[in-house]
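The following exercises concern a single protein chain and are to be worked through with the sequence and the model in view. Each task is followed by a stepwise solution.

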Amino acid sequence: EMCIRDSLSTDARRHRAVAETLRRAEPQALATLASIPATFGQDHANREHPVLMRYQRPHLSLRAAAHLVGRFWSPPSEGPLLAPPGDVRLYYAAYKRLHEYIHAAPTTEHRLQPGEMLVFNNRRMLHGRRGFTQAGGARRHLRGCYVNIDEFANRYNLLRRRHAAAQELHTLRCPIVNQDWGLENVDAFAQ
């Protein structure tokens with residue numbers, strides 16, 4: 001028997017509103033979260049499908065005028081902050097504010113049923129699960145599948161070009177692009 005619990009998610013588009021609030025109300029917090037890299041990592045080398053990753057990047061990726069183009073938020077995967085001592089207090093104050101804003105954002109909750117799966121862009125959706133206790137022989141079953149967004153976008157855009165009628169190419173304005181690039185040059189992907 002499988003123990004299925006509620007999955008939680010929130011769309012990162014709502015987090016653009018968070019970034020806008022930070023930009024207006026707390027510009028120093030926004031600048032801090034966009035410039036001081038956090039440490040992320042996972043060490044699950046003894047699993048059937050091992051994972052061993054460690055990287056650093058700021059929590060927020062911004063374009064001109066503090067426009068949010070990427071957010072990186074995974075408290076369970078965060079490691080020690082490796083920042084100059086003068087940045088530590090600024091970082092944790094800004095981190096606390098972002099944490100408060102994220103947890104105040106609306107979420108969607110869904111209890112998966114047997115046979116269902118949850119598919120999302122990990123760079124766009126914040127996700128989690130409610131805690132649960134395994135009882136009576138129940139087990140947790142979770143499979144992750146990661147697809148590189150650049151490879152996926154490349155294949156999608158090539159197929160779109162190959163199979164779309166010429167007139168459709170100019171009206172389809174939603175190609176898949178790397179989130180950090182934005183959509184400034186959407187027509188370049190359709191040609």
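A residue is called buried when its relative accessible area is under 20%, and exposed when that area is over 50%. The model examined here is predicted.

**Exercise 1.** Determine whether Thr32 is buried or exposed, and identify its contacts beyond its neighbours within four places in sequence.

*Solution.* Begin with the location: Thr32 belongs to helix H2, which comprises residues 27-35. Next, apply the cut-off: the relative accessibility of Thr32 is 3%, and therefore Thr32 counts as buried. Finally, set aside the neighbours within four places in sequence; Thr32 is then in contact with Leu90, Tyr91 and Ala94.

**Exercise 2.** Describe helix H4 by its span and by the placement of its buried and exposed residues.

*Solution.* First, take the span: H4 covers residues 149-163, and its 15 residues reach 21 Å from the first C-alpha to the last, close to the 21 Å expected at 1.5 Å a residue. Second, list the buried residues of H4, which are Ala153, Asn157 and Arg160. Viewed down the axis of H4, these buried residues fall within an arc of 60 degrees, so they line one face of the helix. Third, turn to the face of H4 directed away from the buried side, where the exposed residues Glu151, Arg155, Arg162 and His163 are found.

**Exercise 3.** Summarise the protein as a whole by its secondary structure and burial.

*Solution.* Count the elements: the protein has 6 helices and 7 strands. Read their order along the sequence: β-α-α-β-β-β-β-α-β-β-α-α-α. Then consider burial: 29% of the 191 residues are buried.

How values were computed
Residues are numbered from 1 along each chain as its sequence is written. This is a predicted model: local features need pLDDT of at least 70, side-chain atom pairs count only at pLDDT 80 or more; totals for chains, interfaces and linings use all residues. Side-chain values use heavy atoms; hydrogens and water are left out. Helices (H or I, at least four residues) and strands (E, at least two) are DSSP runs, numbered from the N terminus. Buried means under 20% relative accessible area, exposed over 50%, partly exposed in between (1.4 Å probe, protein chains only). The expected span of a helix is 1.5 Å times one less than its number of residues. The arc is that of the directions from the helix axis to the C-beta atoms. Contact means heavy atoms within 4.5 Å.
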